[in-house]
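Here is a short briefing on one protein model. Look over the structure below before reading on.

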Amino acid sequence: MTIYEKFNLKKVINASGKMTILGVSKVRDSVFESQQLGGNSFFEMSDLLEKTGDYLGEKLQAESATITSSASAGIALSVAALIGQGDEYHVYHPYTKRIEKREVILAKGHNVNYGTGVDVMIEQGGGVVVEAGYANECTSKQIEMEITPHTAALLYVKSHHAVQKSMISIEEMVQIAKNNNVPLIIDAAAEADLFKYIKMGADLVIYSGGKAIEGPSSGLILGKREYIRWIQMQNKGLGRSMKIGKDNILGLIAAIETYLEHGSESGESMTNRLKPFIANLNEVTGITACVVQDPAGRDIYRAEISITHPTKNALQVAEELRAGELAIYTRDYQANNGKIEFDIRQVNSEEMTATVTKLNHILGE
């Protein structure tokens with residue numbers, strides 16, 4: 001009996017990317033081995049987090065690091081840490097009125113819904129959200145004019161969800177943080193480069209352990225040792241509800257080690273795997289297919305189909321792909337414009353064939 005049969009679950013083809021709602025990524029084999037070792041061992045958990053964090057900091061050319069239950073938890077804990085600044089009273093009273101320095105400034109176009117709102121995580125950490133600029137514009141001046149004595153941190157969201165045009169750059173945000181002696185957090189949850197943003201001068205950088213790294217459900221924060229220690233203190237307070245198990249701590253470390261050695265799939269490899277898929281898609285009635293690059297500029301290539309069918313639009317096709325015993329999830333951000341994307345990073349050739357078969361069925365051939 002398969003796991004799908006045991007629990008009466010739909011089988012899912014994840015062509016939407018490394019998305020939390022579908023379980024993010026396929027986990028590397030090295031992760032399972034380390035998770036088993038961790039699950040069968042005991043540690044002083046605070047010691048495990050601190051020692052493994054320093055180990056990862058050295059590996060990733062940061063002062064230190066810490067592992068969290070998710071990248072979202074990383075935002076909340078980073079905000080809480082920079083508000084509390086190591087104060088023990090704050091750890092047990094994270095929303096105390098004794099501390100007024102709580103404002104977290106981010107571009108308005110960066111306060112996005114990635115499954116929940118960025119503002120939700122800031123507020124969970126005790127922060128007060130301050131949006132700078134407009135939905136379609138944010139300049140250095142617009143960030144700086146929001147800085148007050150109550151500013152606890154700046155936050156930059158590096159994500160395809162965020163507005164890409166007319167937005168302040170990371171380099172500009174780093175300079176503002178330095179000029180005003182304000183810590184800068186970068187939410188780089190789905191980013192693949194684990195060195196770039198620390199080198200650029202960010203104080204804390206947050207990654208998802210389950211996305212590019214292909215580890216277990218987890219988050220990774222890199223940054224200044226003092227700030228990392230403040231974050232780890234939060235495990236006695238706000239972080240208690242976000243704790244991560246020993247198995248996933250060691251599983252993530254194994255995933256990072258494997259990732260540093262082998263990397264993730266290259267854009268060239270994706271493009272080559274896409275060629276037969278694109279050719280088969282173009283044979284489906286009512287579809288025109290091509291290869292497109294990720295709009296945020298990452299080295300990720302996808303199949304994009306334009307729906308030209310006389311009776312069905314892209315929104316209907318996407319909905320029907322998700323229906324039935326085999327649910328195929330796609331990237332539907334442009335479905336209202338008649339386009340659907342297939343992210344093949346977690347899709348094999350057999351699943352691509354099954355996708356074409358289902359599209360033929362949906363479109364009447």
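Is R302 buried or exposed? R302 counts as buried, at 1% relative accessibility. Here buried means under 20% relative accessible area, exposed over 50%, and partly exposed in between, with a 1.4 Å probe and protein chains only.

This is a predicted model: local features need pLDDT of at least 70, side-chain atom pairs count only at pLDDT 80 or more, and totals for chains, interfaces and linings use all residues. Residues are numbered from 1 along each chain as its sequence is written, and side-chain values use heavy atoms, with hydrogens and water left out.

**Overall build**

- The protein has 14 helices and 12 strands. These are DSSP runs numbered from the N terminus: helices are H or I with at least four residues, strands are E with at least two.
- The C-alpha trace spans about 65 × 50 × 35 Å along its principal axes.

**Packing and surface**

- Of the 365 residues, 52% count as buried.
- Among contacts with a separation of 6 or more, 70% join residues 24 or more positions apart. A contact means heavy atoms within 4.5 Å.
- The protein exposes about 17400 Å², and carbon and sulfur atoms supply 49% of that area. The areas come from the Shrake-Rupley method with a 1.4 Å probe.

**Salt bridges**

- The count comes to 14 salt bridges. Each is a side-chain nitrogen of Lys or Arg within 4 Å of a carboxyl oxygen of Asp or Glu.
- D343 and R302 form one, with their closest N and O atoms 2.9 Å apart. D343 sits in the loop between β12 (339–342) and α14 (349–362), while R302 lies in strand β10 (residues 301–307), 41 residues apart.
- Like R302, which is buried, D343 is buried, with a relative accessible area of 0%.
- D294, R302, R331, E341, D343 and R345 are linked in a network of salt bridges.
- R229 pairs with D54, also with closest N and O atoms 2.9 Å apart. R229 is in helix α10 (residues 225–233) and D54 in helix α3 (residues 45–59), 175 residues apart.
- R229 is partly exposed at 22%, and D54 is partly exposed at 24%.
- K312 and E320 meet at 3.2 Å, N to O. K312 is partly exposed at 22%, and E320 is partly exposed at 29%.
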